[in-house]
Each structure stands twice: as structure tokens, then as C-alpha cells.
Amino acid sequence: MTSTVTTDAAARRETSTAAAPDPRRRRGERLRRAGLPYLLLLPALVLELLVHLVPMVIGIVMSFKELTQFYIRDWGTAPWSGLGNYKMSVDFDAPVGDALLHSFFVTVTFTLLSVALCWLIGTVAAVCMQDTFRGRGLLRALFLIPYALPVYAAVITWVFMFQHDNGLVNHVLHDQLHLTDKPSFWLIGDNSFYALLVVSVWKGWPFAFLIVMAGLQNIPRELYEAAALDGAGVWQQLRRITLPSLRPVNQVLVLVLFLWTFNDFNTPYVLFGRAAPEAADLISVHIYQASFVTWNFGTGSAMSVLLLLFLLVVTAVYLVVTSRGRRSADV
């Protein structure tokens with residue numbers, strides 16, 4: 001009897017031991033599960049390192065060198081200049097620093113106007129497209145055409161439209177509407193700033209329209225119905241329901257538009273060529289000219305690093321301010 005009980009107890013211990021998983025095996029499974037996301041992200045991280053971080057580090061190193069056309073074949077042999085390129089860039093009493101400061105102010109003014117107009121037009125269009133009516137789908141598709149077109153094809157079309165003698169803009173403003181005394185030069189002089197702003201807003205507002213329209217889909221219609229029953233008009237619904245509900249979307253949208261517009265190179269380069277007019281001298285084209293026109297790659301790299309630092313500071317301040325505003329709104 002005792003032998004039978006002992007045998008049964010031993011069998012149960014063996015069964016429980018066999019059923020219990022090995023602790024080392026469980027740790028290995030947990031490590032594999034925890035490491036799988038990082039393994040899947042590894043190709044993207046390597047690609048990001050090769051495409052962005054490595055050129056960024058090389059550009060920072062170049063900013064400390066006297067890198068001109070004489071050392072372009074072997075830029076590693078260029079002599080070190082220390083902070084000389086940075087001092088030259090921020091010396092606003094010298095021609096190089098004064099030109100960079102003027103380009104910076106032009107870029108800030110252009111960016112603020114472009115982002116504000118893109119957001120305003122995109123928001124108004126998205127709000128108007130919320131109600132169901134005949135042809136709404138067609139209008140939405142037409143609104144997205146400027147965003148879907150290739151940048152070079154769209155800007156080249158605007159170049160022809162801004163021509164002095166046979167451009168469509170002068171034909172409409174001067175020949176048809178008689179708003180100007182004579183045809184205007186849009187691609188040179190002070191008018192170049194307005195031409196650049198028009199093209200930037202034209203191709204940028206559909207993106208704002210798309211993002212705001214997606215954000216509006218998350219606002220329950222019951223809120224508008226309840227507000228209408230309480231006697232709220234269209235403007236009150238927009239101010240009390242739509243804009244507060246779109247605050248998280250608008251915070252990201254404004255930041256993305258600011259960064260894209262401030263760094264925009266393709267639009268001014270295709271619109272004006274290698275030498276942009278002084279009124280439309282954006283900092284991206286200015287850095288290109290400092291690097292590839294005057295062949296002073298060290299100074300151009302220093303300007304690029306200063307631009308990067310400025311955008312990092314602006315982004316950090318913007319995120320801190322918006323996060324505080326979001327927390328205070330939640331409270």
C-alpha cells in the first residue's frame with residue numbers, strides 16, 4: 001500500500017515537472033518577443049542613419065573647415081578654420097552676415113504668411129466640404145490636384161503664367177480686369193515675393209485641407225445637432241466646437257507646414273533659377289548660392305548648421321508651449 005502511494009506521488013511530481021515550463025526557456029521567449037519590434041525597426045534605422053545622420057555629421061565637420069573649390073576633390077585635406085565660418089555667418093556688419101540676416105527675415109516673413117494662408121484656406125475649404133451636396137466628391141478631388149502634381153511641373157507652369165509679355169496673370173490683371181497700368185514683372189523685383197507666396201500657398205493649402213478634413217471626421221455630429229437645438233449659429237459652432245476639437249490636429253499641421261515651408265528649396269529654385277531676387281531670397285536658396293555658386297562649402301555648411309539649430313529651437317519651444325496649452329485645456 002505504502003509502495004503504491006509513493007509511486008503515485010512520484011508520478012505526479014514527474015508530471016508536474018514535465019508540465020512546468022523551463023524558466024530559461026520562458027526568459028528566452030520574453031526576450032524574443034521584446035526584441036522583435038526593435039528587429040523590425042532595424043532596417044529603417046539603418047536607412048535613416050545612412051540617408052540623414054551620416055550626411056548631417058559630414059556637414060557639421062565641413063562647417064569647421066576652409067572648404068573651397070581647391071579642396072573639393074579631397075575635402076578631408078582642407079585646413080581647419082575652427083569657428084571662423086560661423087563668425088563670418090553671424091557677423092551682420094560684414095556683407096556675408098548682412099546678406100544672411102536679410103535672407104532670414106525674408107524667409108520668416110514668407111513662412112508666416114504662407115503657413116497662415118494655407119491653414120486658413122484649407123480649414124475654410126474643409127469646413128465647407130463637411131455638408132453633403134451634389135458634386136462634393138468631385139470638388140474634393142479637384143482641391144487635391146495642386147498637392148498631387150509634381151512640384152517641378154506645377155512651378156514651371158506658374159513660371160509661364162508669370163511671364164511679363166504673354167503670361168496669363170498679366171493678361172487677366174492688365175488686359176481683362178484693367179487693375180494695373182502696365183504689365184508687371186513678377187519674377188524680378190519686389191513682386192517676386194508675392195509670386196513666390198502665391199505659388200507656395202497654391203501648392204500647400206490642399207495638404208492643410210486634407211489634414212483638417214480628416215480631423216473633422218472625428219467630431220461627432222451629435223455635438224452640432226445639440227448646439228443647433230440650443231440656438232447656436234454657424235459661427236458659434238465653429239468657435240465652440242470645431243476649432244477646439246481640431247486643436248491637436250492643428251498643432252501638428254502648423255508645425256509640419258512651418259518646417260516644410262521654411263526649408264522649401266524646390267519652389268524658389270524652379271521659379272527663379274539659381275539666383276533668386278533679393279525680395280524672394282529664401283535662406284535655402286541663399287545657402288545653396290553660398291555653397292555652389294561662390295564655391296565656399298565651409299561657409300555654406302556653417303549656415304546649414306545654424307539653420308538646423310534654429311529649427312530645432314523653434315520646434316522645441318513650439319512643442320513645449322502647445323503641450324502646456326493642451327494640459328491646461330484638459331484641466
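I take contact to mean heavy atoms within 4.5 Å. The model I am consulting is a predicted one.

**Entry: helix α7**

I looked up what covers the buried residues of α7, and found that α9 (191–216) and α13 (266–272) are among the covering elements. The helix itself spans residues 151–161, and I noted Ala154, Val155, Trp158 and Val159 as buried in it. These residues lie on the same side of α7, because the arc they cover around the axis is only 145°.

**Entry: aromatic pairs**

I searched the whole structure for aromatic pairs, and the search returned 22. One of them joins Phe265 and Tyr269, whose rings are stacked, with 5.0 Å centre to centre and 25° between the planes. I then checked accessibility: Phe265 is partly exposed at a relative accessible area of 25%, and Tyr269 is partly exposed at 26%.

I next followed Tyr269 to its pair with Tyr288, which is edge-to-face, at 5.5 Å centre to centre and 80° between the planes. This pair links distant parts of the chain, since Tyr269 belongs to helix α13 and Tyr288 to helix α14 (residues 283–293), 19 residues apart. For Tyr288 I recorded a relative accessible area of 18%; because buried means under 20%, Tyr288 counts as buried.

I also traced the cluster that ring pairs build here: Phe265, Tyr269, Tyr288, Phe292, Trp295 and Phe297 are linked in it.

**Entry: a charge over a ring**

Finally, I looked up Lys65 and found its charged end over the ring of Trp80, 4.3 Å from the ring centre.

Definitions and conventions:
Residues are numbered from 1 along each chain as its sequence is written. This is a predicted model: local features need pLDDT of at least 70, side-chain atom pairs count only at pLDDT 80 or more; totals for chains, interfaces and linings use all residues. Side-chain values use heavy atoms; hydrogens and water are left out. Buried means under 20% relative accessible area, exposed over 50%, partly exposed in between (1.4 Å probe, protein chains only). Helices (H or I, at least four residues) and strands (E, at least two) are DSSP runs, numbered from the N terminus. The arc is that of the directions from the helix axis to the C-beta atoms. Rings of Phe, Tyr and Trp (its six-membered ring) pair if their centres lie within 6.5 Å; planes under 30 degrees apart count as stacked, over 60 as edge-to-face and the rest as tilted. A charge sits over a ring if NZ of Lys or CZ of Arg is within 6 Å of the ring centre and within 35 degrees of the ring normal.
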